[in-house]
Every structure is written in C-alpha cells, then in structure tokens.
Amino acid sequence: MSMTNGGLKAAMVAVTGLSVATPMVALAEPPGVFYSWRESEISVADCVRRGETALASEGLENISGDTTSVAGRSEDVTAVFICLDHADSTTVMIVVAGEDDTQAVRVRESLKARF
C-alpha cells in the first residue's frame, strides 16, 4: 500500500493529534526495597520478639506478626523481620521498603542496631 505525501501528512497529523489529546498518566515510582540478613544463635520465637521490640523502638506502628515474622509501618516505610529456623541457628532477615531511599536505608540500619 503506497501513501502519497498528502496521505502521510494526514496520518502524521492524526497521530500527533492523538498523542496530544491522550492525557498523560502519572505513574508512581515503586518503593525502594532494602534488606539485610545474618545468622543468630537465638530461637525463632526470640527473633520475632526482638524484631517486634526493634520495630516499636523505631516508632513503627500497626505492628503485627506470626510465628516466623513481624512487621510494622510508619508514614514513610514498611519494615519486616523474617526469622528462619536452622538446626543450630536462626537466619534473621530485615526488609525495609519506602519511597525515600535514604530514609528506608536509615531505618534498616537503625533496626539492625536495635535488634
């Protein structure tokens, strides 16, 4: 199918008009996710309790959990401690997500120190 210059010009105007008439949708950036883990010689139950205490001392709210994890949030971040049982140790994983990377990393480091 061939297109004349007039047809090409009309097609370009139609496409240009379409793109201008289509509203731009602002997409939110996904939050940054930062994590850290280490082995500890404590039980999973102690790990969850210590995680809960760390979250509360950092000022996070809506703290809730189960037998292997505990999470809390603030206006800026959401954080979770995950405690995985091994034969002679527990793996403690801290995950912090937030839209401000600097703030999320600061909270992660504070939680590590408070744990």
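Let us begin with Glu 109 and Lys 112, which are three residues apart in helix H3 and therefore separated by about one helical turn. Helices here are DSSP runs of H or I with at least four residues, strands are runs of E with at least two, and both are numbered from the N terminus. The side chains of Glu 109 and Lys 112 form a salt bridge, at 3.2 Å from N to O. By salt bridge I mean a side-chain nitrogen of Lys or Arg within 4 Å of a carboxyl oxygen of Asp or Glu. Glu 109 is partly exposed at 33% relative accessibility, and Lys 112 is partly exposed at 34%. Buried means under 20% relative accessible area, exposed over 50%, and partly exposed in between, with a 1.4 Å probe and protein chains only.

A word on the basis of these values. This is a predicted model, in which local features need pLDDT of at least 70 and side-chain atom pairs count only at pLDDT 80 or more, while totals for chains, interfaces and linings use all residues. Residues are numbered from 1 along each chain as its sequence is written, and side-chain values use heavy atoms, with hydrogens and water left out.

Which residues are linked in a network of salt bridges? They are Glu 58, Arg 106 and Arg 114. Glu 58 pairs with Arg 106, with the closest N and O atoms 3.0 Å apart. This pair links distant parts of the chain, 48 residues apart: the loop between helix H2 (44-57) and strand E2 (61-65), and helix H3 (residues 101-114). Glu 58 is buried, at 15% relative accessibility, whereas Arg 106 is partly exposed, at 41%.
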